[in-house]
Each structure stands twice: as structure tokens, then as C-alpha cells.
Amino acid sequence: MGICWGDISENVRVEVPNTDCSLPTKVFWIAGIIKLAGYNALLRYEGFENDSGLDFWCNICGSDIHPVGWCAASGKPLVPPRTIQHKYTNWKAFLVKRLTGAKTLPPDFSQKVSESMQYPFKPCMRVEVVDKRHLCRTRVAVVESVIGGRLRLVYEDSEDRTDDFWCHMHSPLIHHIGWSRSIGHRFKRSDITKKQDGHFDTPPHLFAKVKEVDQSGEWFKEGMKLEAIDPLNLSTICVATIRKVLADGFLMIGIDGSEAADGSDWFCYHATSPSIFPVGFCEINMIELTPPRGYTKLPFKWFDYLRETGSIAAPVKLFNKDVPNHGFRVGMKLEAVDLMEPRLICVATVTRIIHRLLRIHFDGWEEEYDQWVDCESPDLYPVGWCQLTGYQLQPPASQCKLVYRKGVLL
């Protein structure tokens, strides 16, 4: 709905069910938007003036929200709320006066909502997706369900169909069949020799496009050092090394001091990824940089480390410096995917902003579970998104309950 959200603002009038009514049938009344919070709007019935006693929140994209004039066109009754019924004898004249020149929803608003919730990915489509147990490789998976553009993918060789992975259809973790071979990425071959009935390869044009880069000039090289968000601990930015340069601008990266000997924990980021940074990024922006595991010369100094390891830093000019005018502010609430348990979407708060990088805090959880996320991540949603799409929202963790998370009883 982002492209048509300009139609929504404070003082816009809508027709909504009248809950302050004793009639046995469903009736409606006109309300104005007092405040917006994501998809949710605080509404006040016309006639209440400055009285907020019956103000109520609702999802502006819900099925019971209509443009002014919908009731007349649909033969639905407009009935003033019982609390203020005595205030006017001629409610029709009151409405004409109040609504002249007022803004309402466009007549095709519900159609726009419906169209925005149509997704090109369908069940039974095959994709290549990161292997959640070995980040260095991909596996074939099949779309099992689509909710709000989020995909539940079941790995194709899962015998009981419980080995799954959740991600958004625009996630950088999914690709068309054949992608791994085309860029030289590791790939786990399936024991399945032919597609199951009804399964078909997802058309390549449906996947998020990455920015084309020129690798012919000065470019990333194996062994160069940089700073990177650790995909296994998204609250940390770590000292990292480019381990392999793939085609089309993709890089295999390892976290210094914690790599497996066989490279099974290397991970793939594109050169334009907002999750990799030049040497010194954390120091400049007063972020705690996680040094290599076992490194004892603290505080960590890049100059000393580069000299000790005989390494060079990746050139600053190769990194993505684009910062969109994203509009996020510290303290804003949103709904965010817990990327360490990506089937979960939680109530969250923006606690820090560094250029395009957001620090996301999950309400009720310790700060160690915070995650660094890009401002354009497909895993961030406005308040009310889960209600709109029917996805289950995890409420803030209660401090008075025992909660099980990531294998730890808190």
C-alpha cells in the first residue's frame, strides 16, 4: 500500500460501523482520522467535536472501512451514535455542513488494498534458498504457503515436510533455480531425481534484482578485510574477511576467529549489500565492533590487526553509500521479523539509526536479541501489518513469565 498511502492523512473522513447503537442491525456512521500509526487509525465519530470518550482504533485497510458515500450507494443506513443523538434534530444538514470540502478515501481504495495483497509467488514453486544449517550453500525448496508476501519454504528433500524456512519473497536469501551454478556458489544437490508432480521452477523475473556492478576495474579480492553483520548473531558487527569472489558481484565472507576449517559457515553477501561495511565504520559511528574470537590485544585496533595478519582493507569506494530518505526515527514502533527465528514477527522499536542501518529492539526482550537491519529490509512492517494479512503477531515478552527462546529458558 506504500505507493497509494498518500490518500491517507489526518482529518480524512470514512464510513465505519456504529458501535454506539442499540439497533439489532448493523448500521454505520461517519468518522474522522485523528491520528495514524502504521496501518492503524484513531477514529472519532462525527458530532463528538473535542470529546474523545468514544475514540477507537481500527485498521484503515480493514473490510469495514469505506469512503464517504459508500452507504448511500450500497443502501446501508447511516445512524448517529446514541451518545450524541440528542445534539441535532437535522443530522443530514449537519453532515452536509461538516463534509463539504472534506477529504475521504478514493472510491477504489478497497480495490487497491486487494491488489496490494496479490503476490506473484504461488504454492508449488521451486526456488534456491540458503541452507539454514550450512550458510555457505543453497538448497532447493518449494513454496508451501504465502502470507503477506512471506513464503514458507519446505526444503525439497525434507521427507516429512517439516524442514522449512521462512522469508519474504524479496529476500536476498532466495534465488531462481540455477542461480548457484551461474555465479559459482555452493549448492546441495538433492537426492530427488525429478520434480514432484505439480512443482515447477519459479520464473527468474519474480526475484529481487541486485544492482549491476563492474568487476573489471578495482574490485574486492580474496583476503581483504571488512566489517560485516554476523548472520548468526544479528546484534553484532564483526571483523570479517572476503573468502571468495563469485560472479555478478557476490562475495563469500567469513567471520574472523570463528570460521570452520571447511568454510561451511561462510555466508554470501552482494557487494552492494547494506550488511557489509568498510574498515573503521563501527569506530566512526560509535558502534561496538566484535573482534575475532580469541583475539587478546584489546581494545581492538584495525591498524595493528591488518599489520599482524598481513592483510589489506577492502577499498572504501567499493561499498554501498546510498542512504535513502527513509523517515525512520528513534522510538518508532513497528512489526519486525525475528531473523534468528524467521517464522516469528514481533512488536519492535527502532533504538538507533546509523545512515540506512536500523537497530531493532524486540519489546520485552533483552538487548542481546537486538538486530541490525537495513531500512529497506523486506522484514520490517508497519504497525497493523499482521492484522491486515492475517499473520500472527508475537506480543511483547512478558517479564513475569517463563519464556523459551533460542534454546534457553528465561
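User: Which domains does the domain assignment give for this protein?
Analyst: In this predicted model, the assignment gives domain 1 as residues 12–116, domain 2 as 125–206, domain 3 as 224–319 and domain 4 as 332–405.

User: How far apart are the centres of domain 2 and domain 3?
Analyst: The C-alpha centres of domain 2 and domain 3 lie 27 Å apart, and across the boundary nine residues of domain 2 are in contact with 14 residues of domain 3.

User: And what area is buried between domain 2 and domain 3?
Analyst: About 880 Å² is buried between domain 2 and domain 3, and carbon and sulfur atoms give 61% of that area.

User: Which elements on the domain 2 side touch domain 3?
Analyst: The elements that give two or more residues to that side of domain 2 are β7, which covers 134–147, and α4, which covers 179–183. Sorted by class, the side of domain 2 that touches domain 3 has four nonpolar residues, four polar residues and one charged residue.

User: How many salt bridges are there between domain 2 and domain 3, then?
Analyst: The count of salt bridges between domain 2 and domain 3 is zero, whereas three residue pairs are in polar contact there, with both residues at pLDDT 80 or more.

User: What about the whole structure, how many salt bridges does a search find?
Analyst: A search of the whole structure finds 27 salt bridges. One of them joins the side chains of R13 and E46, with a distance of 2.3 Å from N to O.

User: Where do R13 and E46 lie?
Analyst: R13 lies in strand β1, residues 13–17, while E46 lies in the loop between β3 and β4, so this pair ties together parts that are 33 residues apart in sequence.

User: Switching to rings, how many aromatic pairs are there?
Analyst: The search of the whole structure finds 23 aromatic pairs, and among them is the pair made by Y45 and F56.

User: Last topic, the backbone: which residues does a cis peptide bond join?
Analyst: A cis peptide bond joins L298 and P299, with omega at about 0°, and P299 is found in the loop between β18 (289–290) and α6 (302–309).

User: What is the phi of N11, and where is that residue?
Analyst: N11 has a positive phi of about 80° although this residue is not a glycine, and N11 is placed in the segment before β1.

Methods:
Residues numbered from 1 in each chain as written. Predicted model: local features only at pLDDT ≥ 70, side-chain atom pairs only at ≥ 80, totals over all residues. Heavy atoms only, no water. Domains from an automatic or database assignment. Contact = heavy atoms within 4.5 Å. Buried area = accessible area lost by both parts, 1.4 Å probe. Salt bridge = Lys/Arg side-chain N within 4 Å of Asp/Glu carboxyl O. Polar contact = N/O pair within 3.5 Å; in protein donor to acceptor, adjacent residues only side chain to side chain. Helix = DSSP H or I, 4+ residues; strand = E, 2+ residues; numbered from the N terminus. Nonpolar A, V, L, I, M, F, W, Y, C, P; charged D, E, K, R; others polar. Phe/Tyr/Trp six-rings, centres within 6.5 Å; stacked < 30°, edge-to-face > 60°.
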